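User: I am new to this structure and would like a close look at its aromatic pairs. Please take me through them carefully.

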Amino acid sequence: MRHLFQKLSFLYEPYALGIICVGYIMGELGHYLIGVTSKAIAMDLHYGDVSCQLNSSLYETAGVKKDCRSANSSESCHDFNTNDTTYCEWTYNGLGLDYQILAGPSFIAVFTVVGVVLGFAADKFHRVRMLTVCTVVFAIAIIVCGTVTEYWQLVLLRMIMAAGESGCNPLATGILSDIFPEDKRALVMSLFNWGIYGGYGIAFPVGRYIPRLNIWDLGWRITYYGSGVIALIIAILTGLTLKEPVRKSIGEDAAAQASGDAKKITIWNIILEPRVVLLCIAASIRHCGGMCFAYNCDLYYETYFPDYDLGWWLFAVTIVIGSIGVVVGGVVSDKFVAKMGIRSRVAVLSISQLISTPGAFGSVYFTPTWAMTTLGLSYFFAEMWFGILFAILVEIVPLRIRSTTVGIFLFVMNNIGGNLPILVDPVSKVIGYRESLYIFYAGAYGISSILFFFTLFFMEGPKTDAPQKDFGHDNNICTTADEMVTVSTISNGVYPRMARLEKLLKQKAIETMNVDISMISIIEFRFNTELALREILQNHVDFTTNCAENAY
């Protein structure tokens, strides 16, 4: 059995990546389900805004004479009818400040604070066990979300869910960076961090279509039960099958260790570096754009185009096209890093976000057909960013504070990027829902690309190997016990009386150990006499010490 396991050991790395990625996807599915199920939950729990909406369960837009959204009261809403039958309904729409708080601040506040604490712990304790506990916590929270009967219960459970999920990124980033080499690191980080988009991509069909089946008369609640149970299974597999990898220095930290230039660096030295500050600001703005779209896209398309069922289209764009973008971004970054250094990864970040900006704008501006087309083009480039970002971060941070830095970085990024989308609601009441998405979604992409570009100039270029110093060569070989060997006095640490020491060692070796003269003749006494001595006198340490003293 052991022999079989040894043969299959090459599968461990992709298996570990798969288990960690699926666990992250399930956590993000629980996180983003609220964006798709909010309307159904709001109608059940009674929170958020109330508006006039098309009763899509009874009517299709083909027979609708007026847009329900134009009504601003229940009376005017009920005046819209066809054949004396009302086709609009005055009910909860799942939006409003209550929803924005539920989706953003209540989750982000706990996620960021606990993430920093777990980041510190990850640098000191067993990361696989911690990841297992975190997965169990958010899995149970997702399951219990399906039982809520009050708004405050849902808020509390999302905070507990955030506490569990907050450990996934700093813990998994450290584990994966120690398992995979540099030439695969950006791709691996991209695949892992794609879990964010994989999670909310799966949330579209899960949140839209499974509640309609009304399995066991549970409606929207079955989606939380199912997601939580799967996450719990992944937690068990994580704890039982993954092993803690050996911690390794990578990137600049490894280069400093090898050259002997490593200095004592504190967490404050790292997070106050201009390149880290700029990188964090750029990432926060980009994260705002992503979170704004994630929290609002389904509700936006449902509000503006109620006669279009875009659930599967959104799933296809986020899962299929997003996946291709993630892989391409990781591969391109890994290929260029050897030539351009870490700077190449930042260049890929800046260029990809710049290209994705027009497509993001079009996905909100156009009608569904062109909106999905431009969204697909945008997504291909936009989703390259997250994995490459953390590949950069782990390569410029020393090993002993790597997870701590990731935790603090996520704290800042999520507090800025995760909470800015709350401004969508008040801004939309002034300039419109669509127009607010232009600013906080597409605009954030463009601003982040500019900030990533400025960050590029603070990053190091390609690594150059320092030329090796030539300390000279000594080709003298001992051929007889009586032959005198002359060694010139050389600087850089070569002993000036090497010849006398060499002769004394040879003679004593022959006398005490009966070593054949031919054996001595093959031993070349160059600069490291200690190595030659170990071959001849392995058990004569005391003699070696006395001999060295007599030579002086």
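Analyst: Tyr300 counts as buried because its relative accessibility is 1%, where buried means under 20% relative accessible area, exposed over 50% and partly exposed in between, computed with a 1.4 Å probe on protein chains only. This is a predicted model, in which local features need pLDDT of at least 70 and side-chain atom pairs count only at pLDDT 80 or more, while totals for chains, interfaces and linings use all residues. Residues are numbered from 1 along each chain as its sequence is written, and side-chain values use heavy atoms, with hydrogens and water left out.

The structure holds 23 aromatic pairs; rings of Phe, Tyr and Trp (its six-membered ring) pair if their centres lie within 6.5 Å, and planes under 30 degrees apart count as stacked, over 60 as edge-to-face and the rest as tilted. One of these pairs joins Tyr300 to Tyr433, edge-to-face, at 5.9 Å centre to centre and with 70° between the planes. Distant parts of the chain are linked in this way, since Tyr300 belongs to helix H14 (residues 274-304) and Tyr433, 133 residues apart from it, to helix H21 (residues 433-456); helices are DSSP runs of H or I with at least four residues, numbered from the N terminus. Tyr433 is also buried, at 11% relative accessibility.

Phe380 and Phe381 form another edge-to-face pair, because their ring centres are 4.9 Å apart and their planes stand at 85°. Phe380 is partly exposed, with a relative accessible area of 22%, and Phe381 is partly exposed at 24%.

Returning to Tyr300, ring pairs link this residue with Tyr301, Tyr304, Phe305, Tyr308 and Tyr433 into a cluster.

Terms used:
Helix = DSSP H or I, 4+ residues; strand = E, 2+ residues; numbered from the N terminus.
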